[in-house]
Amino acid sequence: MAQMSGHREILKRRCRLVNGPLIVGAGPSGLAVGACLKELGVPFVILERSNSIASLWRNRTYDRLKLHLPKQFCQLPKLPFPDDFPEYPTRNQFIGYLESYAAHFELSPRFNETVQSAKYDDTCGMWRVRTTASGPETANRSAEVEYICQWLAVSTGENAEPVIPEMEGLRKFGGQVIHASDYRSGETYQGKQVLVVGCGNSGMEVCLDLCHHKSFPVMVVRDSVHVLPREIFRKSTFELAVFLMKWFPVKVVDKILLALSRMILGNTERYGLKRPSLGPLELKHMQGKTPVLDIGALRKIKSGDIKVVPGVKGFLHGSVELVDGRVIDVDSVILATGYCSNVPSWLQDTDLFNKDGFPKQPFPSGWKGKSGLYAVGFTRRGLSGASHDAVQVAEDISRVWKEETRQAKHIVACHRRCISQI
């Protein structure tokens, strides 16, 4: 009996040597690193906690979502979007692109493996990454696995977990309360008054979608926000900004963009959308706050179909009290309050990331840490930033890979418990 118990314990926590880097996350960032490594001939393993690639895009986005930037700024390295894709691909088109990307580079993530901890072992100079695996491979039972690797690429992204703020009285509200990550369509909200907390791109688009489904959205604007047209003179605002940045400093480009935006959109402050003191690009570079690229919500705000209100003081049963003293009745609440990194919950003892789970060094220097640790997709520059990181990381690992022989002697000496190599 004792021998059988010991045998079960060994099977419960398997130890695997990774012959190359370990990539955590099979979203766009993780896939991009894998593709670049594949092209350079470096073996790797990708871990993904869900049961599919791009789980955030697949499971946490609303139906009407489209990419906010033109497709040339959103494609991943080594494989552009199909020529017949529109300039702003839909959610489903982007998911299809990622599936084709994974198939093209023969990327096979290990699904249903959630990283519990990752720590660098100074004794042997390797990373020890402990996961909990489930699914068909483990007969749908939870199993512990420890991966040993020389390189660790953190690719879980900026939006790993939804942010749900503490709000006074929310439990006594009584109506439906969801995060925007659980919102799919306004179809079920027809005829209802819906409070949308947050005025970023998600908040604006959720309100617009609610209008299209004959709901009555009320949008909470707690802070100042930059609203820019998605296109200026039929040219992408982002593309125009990139072009202007080649010739002018950020502050000058911001003044140009704001002048053009006022000409097209008018004075947004008249509608409760006060602009920050810093320009949109400067604010993005300094604080990571993305400006709203308007695709129709502002027109609904001007017409009164979307009502703008100040911050929330607290919730009552079936209603909400605002900071200006008004009390309004609402049927449901949607928290468009953003996302956060989950890196601090599992990555231990590292000086690459700060307490919020973002690299301490600003773009373009935040992709590399010490002891073979890398960050991909934490630039606050969307998919283009993730692509930049992926190329840098893959090339850096490849240089070392080609210079070194396999570290089998060191691994075997330090990790006699390992029972498999991948």
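## Salt bridges

Glu321 forms a salt bridge with Lys313, and the closest N and O atoms of the two are 3.8 Å apart (a salt bridge being a side-chain nitrogen of Lys or Arg within 4 Å of a carboxyl oxygen of Asp or Glu). The model is a predicted one, in which local features need pLDDT of at least 70 and side-chain atom pairs count only at pLDDT 80 or more, while totals for chains, interfaces and linings use all residues. Residues are numbered from 1 along each chain as its sequence is written, and side-chain values use heavy atoms, with hydrogens and water left out.

The two partners are described by relative accessible area (buried under 20%, exposed over 50%, partly exposed in between, with a 1.4 Å probe and protein chains only). Glu321 has 23% relative accessibility and so counts as partly exposed, whereas Lys313, at 53%, counts as exposed. A salt bridge also joins Lys300 to Asp305, with 3.9 Å between the closest N and O atoms; here Lys300 is buried, at a relative accessible area of 18%, while Asp305 is partly exposed, at 39%. In the bridge between Arg326 and Asp324 the N to O distance is 2.9 Å, and Arg326 is partly exposed at 41% relative accessibility, as Asp324 is at 41%. The count by this rule comes to 15 salt bridges, and a network of them links Asp121, Arg128, Arg130 and Glu146.

## The parallel sheet

An open sheet is formed by five strands, in the order β9-β20-β10-β11-β16 and with parallel pairing (strands are DSSP runs of E with at least two residues, helices are runs of H or I with at least four, and both are numbered from the N terminus; two strands pair if DSSP finds at least two bridges between them). Strands β9 (176-179) and β16 (307-309) stand at the edges with a single partner strand each, so one side of each is left without a neighbour in the sheet. From one strand to the next the twist averages 20° (axes are lines fitted to C-alpha atoms, for helices over the stretch in contact, and angles run from 0 to 180 degrees between N-to-C directions).

Strand β11 (residues 216-220) is joined to β16 by three bridges, the two running parallel, and Val220 stands opposite Val309 in β16. Helix α5 (residues 201-212) packs on the sheet, where α5 touches β10 (193-197), β11 and β20 (332-335), and the direction of the helix makes about 165° with that of β11 (contact means heavy atoms within 4.5 Å).

## Aromatic rings

The structure holds 15 aromatic pairs (rings of Phe, Tyr and Trp, the last by its six-membered ring, pair if their centres lie within 6.5 Å; planes under 30 degrees apart count as stacked, over 60 as edge-to-face and the rest as tilted). The ring centres of Phe173 and Phe315 are 5.7 Å apart and their planes lie at 65°, so this pair is edge-to-face. Distant parts of the chain are linked by the pair, since Phe173 lies in the loop between β8 (161-162) and β9, and Phe315 in strand β17 (residues 312-316), 142 residues apart. Phe173 and Phe315 are both buried.

Elsewhere, ring pairs link Trp57, Phe81, Phe85, Phe94, Tyr97, Tyr101 and Phe105 into a cluster.

## Charges over rings

The charged end of Arg230 sits over the ring of Tyr88, at 3.8 Å from the centre of that ring (the rule requires NZ of Lys or CZ of Arg within 6 Å of the ring centre and within 35 degrees of the ring normal). Arg380 lies over the face of Phe358, with 3.9 Å to the ring centre.
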